[in-house]
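Please keep the sequence and the 3D view at hand while reading.

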Amino acid sequence: LATGHFAPAVHAEVALTLAEIYQQQWRLSPVEALLADARAQSELVPEDLALAARVLTAEGKLAYNRNNYTLAKERYLSALQAIANSPDQRSLLATIKNNLGELHLAQGAFAEGIAAHSEALKIRRTLFPDGNQKVGESLQNLAGGERANGQLENAEQHYREAIVMQRQALGEEHPEVATAISNLSVLLMSRGRLDEAQALADDAWAIRRQVFGDQHPQTANSLHNVASLAVQRGDYARAVPLLQRSIETHQDLFGEQHIAVAAGMNNLGKAYIAQGQYESACEILARAIARFEQADPPNPLAAYFYYNLAAAELKTERGEDALQSVQTAIARLPADHADQALFRTLQGSVLAELGKNFDSRRLFLDALRDVQASRGTQSDAYSAAYERASSYFRRVNDVSALNVLAALEPPRAD
């Protein structure tokens, strides 16, 4: 680039390639200048609409990495418009759709994210019928949207397919393989399959530490996942320092307002709740919510932060605060989301604590069956829903309801 001996289109392509490498390495400082250079060169060949679209896509990706979602969306849509009449640009079209899907999911727009990733996958399967790295990328991105939207069976199937494809294309120790197995680990953790999840999380963390070192976003994400599993297993002596380390690393990498920092605080709050440190949980969860609520538009994933805050507030005898928090959680989560049932069981516990009248049998028993159908009886969600129902019916001495619950009791751990 320094020689200036390239034709404008070639110069722009080289600058874009360098910018992509830097973005993958999370070295964002030089990317803006490279993209400005690429844009200037592309403007010398205005007839090359595909090149203009590639510049816009790269600018959108940089904006996304900087959490400027409004600018990212504007760039991606402009890129789509630039190649609207170019049927030979299907590979680029798939990349833009993939990036739009990523953006929608980051904003909590699950249906839109799933639709965009499905389109990208369809295009890539057509281009590469035998599969390749890009097909694997689309599979795991689609699975990520399905997981966030509570479509767990579909998500697991697509994650496993992605892992096989990425291993075949890239080998066992590649970062993309680590991403695929890390994503599957998170899914299995949510379904209560902790042994398999732990093995996968440890493998992903080891690959990323070897490839990237500790001060890298992907390594930090793996650290967060390992810590979250420790919470699920009840190993709080290990979980709390790992979560604190994860939060500090994400703050160093992204700043205090990043979603990953808030997510770490949310899991730390869950660990405090499990340890009975309810005031500490309320404090850290309130901080997490304050960071998450600055997203524009508000992210529906904040529903889980309000859910956990409500659980902590209920334990500190702040029933009215807990009711407001759990109602906010229910309102923030899409109406057809699988976790609506779990949230309703907490709402029932809060209403009972406040002495309010409600159809307890319909709320607890219907919700418990919904959680069973969506998450399975081995999941933490099912155990939590069952315990809330059981606690309430014991409290009011509803023998008939307790007899129904006896048939729904979760399996005991060996």
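The points below cover the nonpolar cores, the packing of helices and several individual residues.

The structure is a predicted model. Its largest nonpolar core holds 83 residues, and another core, of 16 residues, lies apart from it.

**Nonpolar cores**

- In soluble globular proteins, nonpolar side chains tend to be buried together.
- Within the largest nonpolar core, which has 83 residues, Phe343, Leu346 and Phe393 touch the most other members.
- Helix 15, which spans residues 302-315, supplies the largest share of this core, namely 10 residues.
- A separate core of 16 residues includes Leu56, Tyr64, Leu80 and Ala106.
- When neighbours within four places in sequence are set aside, Phe393 is in contact with Ser360, Arg361, Phe364, Leu365, Asp398, Ala401, Leu402 and Leu405.

**Helix 3 and helix 5**

- The crossing in which helix 3 passes helix 5 is left-handed.
- On the side of helix 3, the contact is made by Ala50, Ala53, Arg54, Thr57, Lys61 and Tyr64.
- On the side of helix 5, the contact is made by Leu92, Thr95, Ile96, Asn99, Glu102, Leu103 and Ala106.
- By class, the residues of this contact are seven nonpolar, three polar and three charged.

**Helix 13 and helix 15**

- Helix 13 passes helix 15 in a crossing that is left-handed.
- Helix 13 contributes Ala262, Ala263, Asn266, Lys270 and Ile273 to the contact, while helix 15 contributes Tyr304, Phe305, Asn308, Ala311 and Ala312.
- The residues of this contact comprise seven nonpolar, two polar and one charged.

**Helix 6 and helix 7**

- The crossing of helix 6 past helix 7 is left-handed.
- Among the residues of helix 6 that make the contact are Phe110, Ile114, His117 and Leu121.
- Among the residues of helix 7 that make the contact are Val135, Leu139, Leu142 and Gly145.
- This contact has eight nonpolar, five polar and five charged residues.

- Gln41 is located in helix 2, which covers residues 31-42.
- Because buried means under 20% relative accessible area, Gln41 counts as buried at 16%.
- Not counting residues up to four places away in sequence, Gln41 touches Pro8, His11 and Ala12.
- Thr219 belongs to helix 11, which covers residues 217-233.
- Thr219 has a relative accessible area of 2% and is therefore buried.
- With neighbours within four places in sequence left aside, the contacts of Thr219 are Trp205, Arg208, Arg209, Phe212, Gly213 and Asp214.
- Thr219 and Ala169 are 50 residues apart along the chain, and their C-alpha atoms are separated by 22 Å.

**Two loop residues with positive phi**

- Asn67 is found in the loop between helix 3 and helix 4 (69-82).
- Phi of Asn67 is near 70 degrees, which is a positive value in a residue other than glycine.
- With a relative accessibility of 33%, Asn67 counts as partly exposed.
- Glu317 lies in the loop between helix 15 and helix 16 (319-332).
- Although Glu317 is not a glycine, its phi is positive, at about 60 degrees.
- The relative accessible area of Glu317 is 73%, so Glu317 is exposed.
- The C-alpha atoms of Glu317 and Val350 are separated by 9.9 Å, and these residues are 33 residues apart along the chain.

Conventions: Residues are numbered from 1 along each chain as its sequence is written. This is a predicted model: local features need pLDDT of at least 70, side-chain atom pairs count only at pLDDT 80 or more; totals for chains, interfaces and linings use all residues. Side-chain values use heavy atoms; hydrogens and water are left out. A nonpolar core is a set of buried Ala, Val, Leu, Ile, Met, Phe, Trp, Tyr and Cys residues joined through side-chain atoms within 4.5 Å. Buried means under 20% relative accessible area, exposed over 50%, partly exposed in between (1.4 Å probe, protein chains only). Helices (H or I, at least four residues) and strands (E, at least two) are DSSP runs, numbered from the N terminus. Contact means heavy atoms within 4.5 Å. A crossing is left-handed if the near helix is turned anticlockwise from the far one by less than a right angle, and right-handed if clockwise. Ala, Val, Leu, Ile, Met, Phe, Trp, Tyr, Cys and Pro count as nonpolar, Asp, Glu, Lys and Arg as charged, and the others, Gly among them, as polar.
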